[in-house]
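Hello,

Please find the structure below. My notes on it follow.

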Amino acid sequence: PAPTPAAVAASPQPSASAPASSAESASAIPPAPARSPESSPTQGEKKESGHRTFGMRMQLEEDPQSGAQLFSVCSVTPGGPAERGGVQVGDVVRSIDGTPLDCLENLNLIYSAPPLGAVLALVVERNGETLFAYTTVEMSQK
């Protein structure tokens, strides 16, 4: 079946660190940055305008073989947190911070939970390989 035309804004909330694996070293994906205390607002700080972003947009599709829901990356913000973390257009995101990305409900949970500045570990499929990437929860500039 053709991809479902449901574009979903994906703005991951980063976690403390990305997992390491032999696939990661072969993939040239940069290591996750350490989270600095000043990277997220503290109690009493003024909140920024805009919306939370992971620096990528995903499209909900149906796997033609299994019928399962898939989330493929359809755009990456140039210079944004997902691009800096190695995410590319066409990647299929399998999990974010250990939560399987197999339904819209899980995406909503992932999107709403992490604080600004959190680094999220992603497991993605690219050209038949399973790779690790990361993104950081940031505020959009719009």
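How many residues does the largest nonpolar core have, and which have the most contacts inside it? The core has 23 residues, and Met56, Met58, Val87, Val93, Leu101 and Leu122 have the most contacts inside it. A nonpolar core here is a set of buried Ala, Val, Leu, Ile, Met, Phe, Trp, Tyr and Cys residues joined through side-chain atoms within 4.5 Å. At least two residues of this core come from each of strands E3 (56–62), E4 (69–76), E5 (92–96), E7 (119–126) and E8 (129–136), and from helix H3 (104–112). Helices (H or I, at least four residues) and strands (E, at least two) are DSSP runs, numbered from the N terminus.

This is a predicted model: local features need pLDDT of at least 70, side-chain atom pairs count only at pLDDT 80 or more, and totals for chains, interfaces and linings use all residues. Residues are numbered from 1 along each chain as its sequence is written, and side-chain values use heavy atoms, with hydrogens and water left out.

E3 and E4 run antiparallel and are joined by seven bridges (strands pair if DSSP finds at least two bridges between them). Met56 has Val76 in E4 as its bridge partner. Six residues lie between the two strands of this hairpin, where Gly67 takes a positive phi near 80 degrees.

The count of disulfides (cysteine sulfur pairs within 2.5 Å) is zero. Cys103 is buried at 18% relative accessible area, while Cys74 is partly exposed at 33%. The cut-offs are under 20% for buried, over 50% for exposed, and partly exposed in between (1.4 Å probe, protein chains only).

Gln141, in the segment after strand E9 (138–139), is exposed at 76%. Its C-alpha atom is separated by 9.7 Å from that of Arg52, 89 residues apart along the chain.

Regards
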